[in-house]
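Biologist: I am new to this protein and would welcome a guided introduction. Could we begin with the overall picture and then turn to details?

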Amino acid sequence: MQPRNMSMSGVVDLAAVKAAQEAKAKAEQARAQAARQGGGPGAVSPADLVIDVSESTFERDVLQRSTEVPVVIDFWAEWCQPCKQLSPVLERLAVEYNGRFLLAKIDVDANQMLMQQFGIQGIPAVFAVVAGQALPLFQGAAGEAQIRQTLDQLVTVAEQRFGLTGLTVDPEADPGGAQAAPSRPAGPYDALLEAAVQALDSGDLGGAIQAYKNVLNEDPANEEAKLGLAQAELLQRVQGLDPQQVRKDAAERPDDVPAQIAAADLDLVGGHVEDAFGRLIETVRRTAGDDRDTVRVRLLELFEVVGAEDPRVIAARRALARALF
């Protein structure tokens, strides 16, 4: 596969002036808060510049770190021969660039939801996250000169538009020291939440669901548990489904509530958020009574997966209200 999208023109499309200003402000707030709490990035070792990331660590290691430094994501798999050519180049350049970007490696076989959320059609695929803003860099094997040009553009945009100057690298620093969180007292539900994450990592969706429910039984407002439960239940629902058959059933039976709900679940897992919401809102319009309430409840569950502050959720809530009333 030939490399594509090697320019940074996507940054302009992704971050129009208002979005860029908001992202920069959020990055500055995050850095200021970390400094106040004594949790700034500090010096890192060269070994800390390349990290393995999973679905459970993505928010911490990619989204949160992107307020300090541009995070380049290398989507790869063990069976992918072009990945074996590209990944060592990216790892070497991460060290050579000396903290101007962080390289996050994601195994797509073990983290398929992330692959779907990024809309990846083939690997290797390389993305960047800057101050919480995601953008594609290139797909397929690429020459080192092209990669360097793209990385140069990335770090320039990160510094000029978002104020990210990168990490301080100390060859004598202990590996992993930069990511060690400041010590704090364990919260009352930390053990249960950690058990839920470990269950997810091991594929024990039932165990994860029960662990999150245990937290919510004691603390119904716990946001981390509510989000985790919604995600785990979604993964459990789509486990074992035949996507082709589900979509065929939904297309042939537009008034079949279970068929539309199953298709919406698959839409969301595949990263097609607006399609999932639109499908269920249209089903609400066509149904009444218990069927309508069943669809409404599932839609609210999907809102939990995406997050209440997501603009797509806000827009869908308005559309749902119009459909109901």
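**Overview and selected elements**

Modeller: Of the protein's contacts (heavy atoms within 4.5 Å) between residues at least 6 apart in sequence, 71% join residues at least 24 apart. This is a predicted model, in which local features need pLDDT of at least 70 and side-chain atom pairs count only at pLDDT 80 or more, whereas totals for chains, interfaces and linings use all residues. Residues are numbered from 1 along each chain as its sequence is written, and side-chain values use heavy atoms, without hydrogens and water.

Biologist: How many helices and strands are there in the protein?

Modeller: Helices (H or I, at least four residues) and strands (E, at least two) are DSSP runs, numbered from the N terminus. By this rule the protein has 14 helices and 7 strands.

Biologist: Are the residues of strand E3 mostly buried or exposed?

Modeller: Buried means under 20% relative accessible area, exposed over 50%, and partly exposed in between (1.4 Å probe, protein chains only). One side of E3 carries Val71, Ile73 and Phe75, the other Val72, Asp74 and Trp76, and both faces are covered. Of the 6 residues in E3 (residues 71–76), 6 are buried.

Biologist: Which residue in E4 stands opposite Phe75?

Modeller: E3 and E4 pair (at least two DSSP bridges between them) in the parallel sense, over 6 bridges. Within E4, the residue opposite Phe75 is Ile106.

Biologist: Why does Lys105 count as buried?

Modeller: Lys105 lies in strand E4 (residues 102–107). Beyond residues up to four places away in sequence, Lys105 touches Val50, Ile51, Asp52, Val53, Asp74, Trp76, Ser87 and Glu91. Lys105 counts as buried because its relative accessibility is 9%.

Biologist: How are helices H11 and H13 oriented?

Modeller: Two packed helices are described by the angle between their axes and the distance between the axes. Axes are lines fitted to C-alpha atoms, for helices over the stretch in contact, and angles run from 0 to 180 degrees between N-to-C directions. H11 (residues 257–269) and H13 (residues 289–306) have axes 10 Å apart at an angle of about 10 degrees. Angles under 35 degrees count as roughly parallel, over 145 as roughly antiparallel, 65 to 115 as roughly perpendicular and the rest as oblique, so H11 and H13 are roughly parallel.

Biologist: What is the relative accessibility of Arg298?

Modeller: Arg298 belongs to helix H13. Leaving aside neighbours within four places in sequence, Arg298 is in contact with Arg237, Ile261, Asp265 and Leu280. Arg298 counts as buried, with a relative accessibility of 16%.
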